[in-house]
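Notebook open, viewer loaded. I want to go through the ligand site and the strands, one stop at a time.

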Amino acid sequence: MPMPRRAAQVFTAVLLAASTVTALSHTAAAADTLGSAAAGKGRYFGAAVAANHLGESAYAGTLDREFNQVTPENEMKWDATEGSRNTFTFGNADQIVSHAQTQNMKVRGHTLVWHSQLPSWVSGLGATDLRSAMNNHITQVMQHYKGKIYAWDVVNEAYQDGSSGALRSSPFADKLGSGFIEEAFRTARSVDASAKLCYNDYNTDGVNAKSNAVYAMVKDFKSRGVPIDCVGFQSHFNSASPVPSDYQANLQRFTDLGVDVQITELDIEGSGTAQANNYSNVVKACLAVTRCTGLTVWGITDKYSWRSSGTPLLFDSNYGKKPAYDAALAALGGSGTGGGGDGGGGNPGGNGSCTVSFTRTSDWNDGYNGEVVVKAGSAPINGWTVTLTFTPPQKVASLWNGTPSWDSSGNVMTVRAASYNGSLAAGASTSFGFTAVKNGNNSTPTLGTCTAS
Ligand code: G3I
């Protein structure tokens with residue numbers, strides 16, 4: 001008797017999970033992983049990590065195999081560590097730090113003073129109270145992790161985008177004035193004299209008004225003896241914000257001021273060769289700057305990226321190595337075997353494309369069925385991935401002819417081909433379908449672009 005479709009899907013998922021685990025049990029020789037290759041160049045290669053994924057064997061296995069530095073993605077932020085005044089919660093961040101210690105990974109502390117993910121009680125304070133709350137927060141968090149953190153993002157994203165070169169409006173800037181940055185760094189040094197103290201920002205990757213403002217601040221701090229050791233360049237890139245042509249020169253001019261620099265939150269939206277070239281260029285820029293001491297990618301797998309639909313990371317949602325991985329490893333001087341570990345169905349280096357369309361095929365009181373048609377472009381493809389974003393509290397009850405996974409919010413569903421419908425001839429189509437439960441919300445999900453492999 002043929003296996004029922006639902007059971008077959010579960011069976012396929014179990015088989016895929018098993019093959020992933022098998023791939024991960026391979027013990028890597030020197031310089032065939034990102035971390036070991038970077039170490040060969042006197043650098044680290046790290047990833048942002050979320051505590052709630054550490055129990056997933058493929059996630060932890062990929063982390064432990066490839067990376068030698070971690071940054072907690074959210075767990076050390078103010079809202080996570082001091083949601084109520086002077087009550088500190090370190091459980092999730094401790095989990096990441098312990099994991100890192102058992103694996104001999106460096107930890108970047110992210111972040112002490114930031115306008116975002118700031119509890120509302122902080123924003124409501126008057127100046128005197130805010131100053132003491134800021135210094136207390138820095139002190140308590142740094143003391144808890146003293147000796148375990150190689151570098152802290154003491155202040156994050158303090159400057160405005162655009163041409164003003166001014167500080168952005170925040171409770172800190174608005175109530176304490178520009179001196180809050182200096183005060184934060186001085187407090188940090190008084191708590192832990194060994195940890196490196198960094199300023200971290202985005203859109204500062206090339207020479208522009210914003211990076212000029214940060215540059216002027218660092219120059220001023222160095223000239224007056226304000227303790228600052230490093231500057232982090234987040235490096236979140238996409239087509240609207242590409243890798244700047246003066247990236248290396250910008251890193252170099254900061255190190256010339258006497259600070260280290262790091263690439264702290266690297267991700268580059270895209271796929272295939274274009275994404276691979278961008279990763280290669282970023283890695284090469286860091287290696288060309290003596291005091292660029294390491295790189296951190298902002299996540300391990302596209303599945304859990306903060307912008308998952310842009311597939312910006314080095315591992316696909318099945319933990320397969322992407323062309324970008326091979327390019328980053330090669331730029332580090334590593335000697336990977338290429339491809340591999342993608343759980344089947346992948347075709348690293350494939351250059352086909354695909355398009356998608358969505359139809360809501362039937363509706364009833366509290367549910368609907370949707371169908372997504374995937375069509376190969378003018379070249380054959382061996383796999384495809386599509387993202388759909390649902391409006392909560394809608395939930396997907398079942399899915400057929402595809403393999404789903406969800407982001408941590410539970411609202412973004414990434415579907416990759418089932419074992420039998422990934423290979424499409426040029427111009428050929430296939431489809432997958434799902435049943436969604438409305439839970440009182442009748443919205444149609446937003447369909448992302450199709451990524452071919
Ligand atoms: O954990 C809750 C979950 O319980 C809830 O159901 C869900 C509903 O939205 O939210 C979940 O929290 C989310 C959290 O990520 C964990 O996934 C927050 O809403 C969401 O705002 C948060 O986003 C983080 C973002 O910073 C916040 O500004 C991203 O994960 C994180 O990658 C991102 O990281 C920042 C760096 O810290 C600074 N530089 C930019 C970078 C990218 O935005």
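Before any pairing, my rule: I call two strands paired if DSSP finds at least two bridges between them. Strands (E, at least two residues) are DSSP runs, numbered from the N terminus. I'm working on a predicted model, where local features need pLDDT of at least 70, side-chain atom pairs count only at pLDDT 80 or more, and totals for chains, interfaces and linings use all residues. Residues are numbered from 1 along each chain as its sequence is written, and side-chain values use heavy atoms, with hydrogens and water left out.

**Entry 1: strand 3 and its partners**

I started with strand 3, residues 106-113. On one flank I found strand 4 (residues 151-156), running parallel to strand 3 and joined to it by four bridges. Within that pair, Gly-109 sits opposite Trp-152. Strand 2 (residues 69-72) also pairs with strand 3 in the parallel sense, over two bridges, and there I see Gln-69 across from Lys-106.

How much of strand 3 is buried? Seven of its eight residues are, with buried meaning under 20% relative accessible area (1.4 Å probe, protein chains only). I checked Thr-111, which belongs to strand 3. Thr-111 counts as buried because its relative accessibility is 2%. A polar atom of its side chain lies 2.8 Å from the backbone oxygen of Asp-153. For polar contacts I take N or O pairs within 3.5 Å; within protein, one atom must be able to donate a hydrogen and the other to accept it, and residues adjacent in sequence count only if both atoms are side-chain atoms.

**Entry 2: strands 5 and 6**

Next I looked at strand 6 (residues 230-233), where Cys-230 and Gly-232 point one way, Val-231 and Phe-233 the other, and all are buried. Strand 5 (residues 196-201) pairs with strand 6 in the parallel sense through four bridges. Asn-200 faces Gly-232 across that pairing.

**Entry 3: the ligand**

Which residues come nearest to the ligand? Of the 15 around it, I noted Glu-73, Lys-77, His-110, Glu-157 and Glu-265; to be near, a residue needs a heavy atom within 4 Å. Sorting the shell gave me three nonpolar, eight polar and four charged residues. Ligand oxygen atoms have polar side-chain atoms of Glu-73 at 2.4 Å, of Lys-77 at 2.6 Å and of Trp-298 at 2.9 Å. On its own the ligand has 790 Å² of accessible area, and the protein covers 53% of that (Shrake-Rupley method, 1.4 Å probe).

I then traced an open, antiparallel sheet of four strands in the order 10-11-16-13. Strand 10 (354-364) and strand 13 (395-400) are its edges; each has a single partner strand, so one side of each lacks a neighbour in the sheet. I get an average twist of 25° from one strand to the next. Strand 13 runs antiparallel to strand 16 (residues 429-437), with five bridges joining them, and Trp-400 is opposite Gly-433.

The other open sheet I traced also has four strands with antiparallel pairing, ordered 14-15-12-17. What stands at its edges? Strand 14 (402-406) and strand 17 (446-452) do. Strand 12 (residues 384-389) pairs with strand 17 over five bridges in the antiparallel sense, and I logged Ala-452 in strand 17 as the bridge partner of Trp-384.

Methods:
Nonpolar A, V, L, I, M, F, W, Y, C, P; charged D, E, K, R; others polar. Buried < 20%, exposed > 50% of the residue type's maximum accessible area, 1.4 Å probe, protein only. Axes fitted to C-alpha atoms, helices over the stretch in contact; angles between N-to-C directions.
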